[in-house]
Amino acid sequence: MVLPANIKPVIWGIAPVNMAGWALCGFYLALMPSLSAGIMASEAAWQDGLLIFLLPFVGGIAAVTLRHRQAVTNVRVSCISMIIGLSMIVLGAWWHQAVWLLLGGIASGVGFGAGFLGTKKAMLARAPASQRSGVIALFYLLSYLPFSLPVILAGMGSQYAGLTSTTVGFSLLLGALCLWVLYRSRTS
């Protein structure tokens, strides 16, 4: 598979926000139930389900709502929403407050949907029709790898550093990626 040369700036400059969104979704599925159970001191499955449900649900609503916006606008919305959401998740983990985890999931969900849409639009806009299948395959590879690999490392890290510290570190790493993409989107 040969990719068009003009796709590389999108991969390095924009795709990390989509990757951060997918990594956060994986984190929510894998580790958020344990984190929320420790914070809420409850084993009610509906509470974990609500936290896990909100992020992709709000992401879907954001993607539908923002579908007519330009790719760069979606990317910027994504970066800002993810940074706000990740900050709330850090506060929720640090202060042991479930409401911050809930609000963080909602804000990050907007970022997830906008980042997915913005990255996909930016990549497909630069691909000639004859190479779109390869570009979309790369897009999904760049989406699904962060959905699993960083979360496996976070799960292993939580055994040594604890779940709260792992959540804070994971969120800070994803927030740094989003800041970098936001900076790149303003200078390009």
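Thr 166 touches Ala 154, Gly 157, Ser 158 and Ala 161, leaving out residues up to four places away in sequence. This threonine belongs to helix H8, which covers residues 163-187. The model is a predicted one. The protein in it has eight helices and zero strands.

**Overall make-up**

- Read from the N terminus, the order of elements is α-α-α-α-α-α-α-α.
- The radius of gyration is 16 Å, which agrees with the value near 16 Å that a compact globule of 188 residues would have.
- Along the principal axes, the C-alpha atoms fill a box of roughly 55 × 30 × 30 Å.
- Of the 188 residues, 47% count as buried.
- The protein has an accessible surface of about 9,200 Å², and carbon and sulfur atoms make up 70% of this surface.

- Is Thr 166 buried or exposed? Its relative accessible area is 9%, and buried means under 20%, so Thr 166 counts as buried.
- Thr 119 is placed in helix H6, residues 98-125.
- The relative accessibility of Thr 119 is 1%, so this residue also counts as buried.
- Which residues does Thr 119 contact, apart from its neighbours within four places in sequence? They are Val 10, Ile 14, Ala 15, Val 17, Asn 18, Val 75 and Phe 139.

**Helix H3**

- Helix H3 runs over residues 32-40, and its buried residues are Met 32, Leu 35, Ser 36 and Ile 39.
- These residues lie on the same side of H3, because they cover an arc of only 90 degrees around the axis.
- Just after H3 comes Ala 41, which has a positive phi of about 50 degrees.

**Packing of H2 and H5**

- A pair of packed helices is described by the angle between their axes and by the distance between the axes.
- Helix H2 (residues 15-30) packs with helix H5 (residues 71-95) at an angle of about 35 degrees, and the two axes are 10 Å apart.
- The H2 and H5 crossing is left-handed.
- On the H2 side, the contact is made by Val 17, Ala 20, Gly 21, Leu 24 and Tyr 28.
- On the H5 side, the residues in this contact are Val 75, Ser 78, Cys 79, Met 82, Leu 86 and Ile 89.

- Arg 76 is in helix H5.
- At 27% relative accessibility, Arg 76 counts as partly exposed.
- Not counting residues up to four places away in sequence, Arg 76 touches Leu 182, Ser 185 and Arg 186.
- Arg 76 and Leu 179 are 103 residues apart along the chain, and their C-alpha atoms are separated by 9.8 Å.

- Lys 8 lies in helix H1, which covers residues 8-13.
- Is Lys 8 buried or exposed? The relative accessible area of Lys 8 is 51%, and the cut-off for exposed is over 50%, so Lys 8 counts as exposed.
- How many residues apart in sequence are Lys 8 and Arg 126? They are 118 residues apart in sequence, and the distance between them in space is 10.0 Å, C-alpha to C-alpha.

Conventions:
Residues are numbered from 1 along each chain as its sequence is written. This is a predicted model: local features need pLDDT of at least 70, side-chain atom pairs count only at pLDDT 80 or more; totals for chains, interfaces and linings use all residues. Side-chain values use heavy atoms; hydrogens and water are left out. Helices (H or I, at least four residues) and strands (E, at least two) are DSSP runs, numbered from the N terminus. The radius of gyration is taken over C-alpha atoms; the globule rule is 2.2 Å times the number of residues to the power 0.38. Buried means under 20% relative accessible area, exposed over 50%, partly exposed in between (1.4 Å probe, protein chains only). Accessible areas come from the Shrake-Rupley method with a 1.4 Å probe; for residues, only the protein chains shown count as cover. Contact means heavy atoms within 4.5 Å. The arc is that of the directions from the helix axis to the C-beta atoms. Axes are lines fitted to C-alpha atoms, for helices over the stretch in contact, and angles run from 0 to 180 degrees between N-to-C directions. A crossing is left-handed if the near helix is turned anticlockwise from the far one by less than a right angle, and right-handed if clockwise.
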